[in-house]
Amino acid sequence: MSFENKYEVTSFNADINEFKVQAIFNDSYSKEIQILMPKGSMMQEHSAPAPIIVQVLKGEIDFIIDNKANNLKEFDCIRVKANIAHSLIAKDNSIIRLSLFKNDTFSRVCSVKIKQ
């Protein structure tokens, strides 16, 4: 993706009616992903090939690593090293920002198994 102007403005705000993964920016230098998780939904255990940063923009999730739930609320974030297995459970309707390294892919995120 490239943009013609000097900058690009976007919003992460959305209605949370169903689980959804959407690329906000996905180009050669920036991968920012929006994940909408309705209350009670779960991203099953998975890992990323590079470090990730997960930030809760709205709602509340449990971010689980080694069977330990790290409770994240609005504006909390967690940084996770590469190849660390983790899962997410939405404690409330949640909007999540996922920042990926260049060598990670949007399609990998979309392939994570979901429980609703």
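These legends describe close-up views of a predicted model.

**View 1. A five-stranded open sheet.** The strands of this open sheet follow the order S1-S2-S9-S4-S7. Their pairing is antiparallel. Strand S1 (20–26) lies at one edge and strand S7 (77–80) at the other. Each of these edge strands pairs on one side only. On average, neighbouring strands in the sheet are turned by 20° against each other, direction ignored.

**View 2. The pairing of S4 with S7.** Strand S4 spans residues 52–58 and runs antiparallel to S7. Four bridges join the two strands. Ile53 has Arg79 of S7 as its bridge partner. Gln55 is bridged to Cys77, also in S7.

View 3. One face of S7 is covered, and Ile78 and Val80 belong to it.

**View 4. The largest nonpolar core.** This core holds 23 residues. Ile35, Met37, Phe63 and Leu98 touch the most other members. Several strands give two or more residues to the core: strand S2 (31–37), S4, strand S5 (60–65), S7, strand S8 (86–90) and strand S9 (94–100).

**View 5. The surroundings of Leu98.** Leu98 is one of the core residues that touch the most other members. Neighbours within four places in sequence are left aside here. Leu98 is then in contact with Lys31, Glu32, Ile33 and Ile35, as well as with Ile52, Ile53 and Val54. Val109 is another contact of Leu98.

Conventions: Residues are numbered from 1 along each chain as its sequence is written. This is a predicted model: local features need pLDDT of at least 70, side-chain atom pairs count only at pLDDT 80 or more; totals for chains, interfaces and linings use all residues. Side-chain values use heavy atoms; hydrogens and water are left out. Two strands pair if DSSP finds at least two bridges between them. Axes are lines fitted to C-alpha atoms, for helices over the stretch in contact, and angles run from 0 to 180 degrees between N-to-C directions. A nonpolar core is a set of buried Ala, Val, Leu, Ile, Met, Phe, Trp, Tyr and Cys residues joined through side-chain atoms within 4.5 Å. Buried means under 20% relative accessible area, exposed over 50%, partly exposed in between (1.4 Å probe, protein chains only). Contact means heavy atoms within 4.5 Å.
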